[in-house]
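Biologist: I am new to this structure. Please show me how to read it.

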Amino acid sequence: MLSQCSRLLMRSKAELSRETINMTILYGISNCDTCRKAKKWFGENKIKINFFDFRKNQLTRDQVEKWVDTIGLDVLINRRGTTWRNLSEEHREALNGSNCVDVLLGAPTLMKRPIIEINEQFLIGFNFSIMKQIQLLKM
């Protein structure tokens, strides 16, 4: 009986490439109601996801820079949450400058959740409109 590791090694590059292209990553935190709702919806629709809890796992600088560049700070920052309300004025000002990535790495819950990555496209939040976009991207 082959171990799971052995089976992965035997798969063709094409299969692995196809899986990577169709990979869906859900970035969020485990105790977020919206993230839980999204995870449940993906499961019910039989869409495989990789869940990345950014409270338990460290985001990379490259990942956050990519989000800032492609999504933009205005969309990415959750200005209605507790983390924003408790943020010092100094850190709020830093978000508008060149240190924004450092602030987000230090306080990842400042970002709206979930962040859904499909085929290097990003969707922020989870509602009916997002569900429809996901269905179109997964076809």
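Modeller: We take a sheet and then a helix.

Modeller: The model is predicted: local features need pLDDT of at least 70, side-chain atom pairs count only at pLDDT 80 or more, and totals for chains, interfaces and linings use all residues. Residues are numbered from 1 along each chain as its sequence is written, and side-chain values use heavy atoms, with hydrogens and water left out.

Biologist: In which order do the strands of the open sheet stand?

Modeller: Strands of a sheet pair through backbone hydrogen bonds, either parallel or antiparallel. Here four strands form an open sheet in the order E2-E1-E3-E4, with mixed pairing. Strand E2 (50-53) and E4 are the edges; each has a single partner strand, so one side of each lacks a neighbour in the sheet. Strands are DSSP runs of E, at least two residues, and helices runs of H or I, at least four, numbered from the N terminus. Two strands pair if DSSP finds at least two bridges between them; E3 and E4 have four, in the antiparallel sense. Phe122 in E4 is the bridge partner of Glu117.

Biologist: Which residues of helix H4 are buried?

Modeller: Buried means under 20% relative accessible area, exposed over 50%, partly exposed in between (1.4 Å probe, protein chains only). In H4 (residues 61-70), Gln63, Val64, Trp67 and Val68 are buried. They cover an arc of only 135° around the axis, which puts them on the same side of H4; the arc is that of the directions from the helix axis to the C-beta atoms. Asp62, Asp69 and Thr70, on the other side of H4, are exposed.

Biologist: What follows H4?

Modeller: Gly72 does, with a positive phi near 95°.
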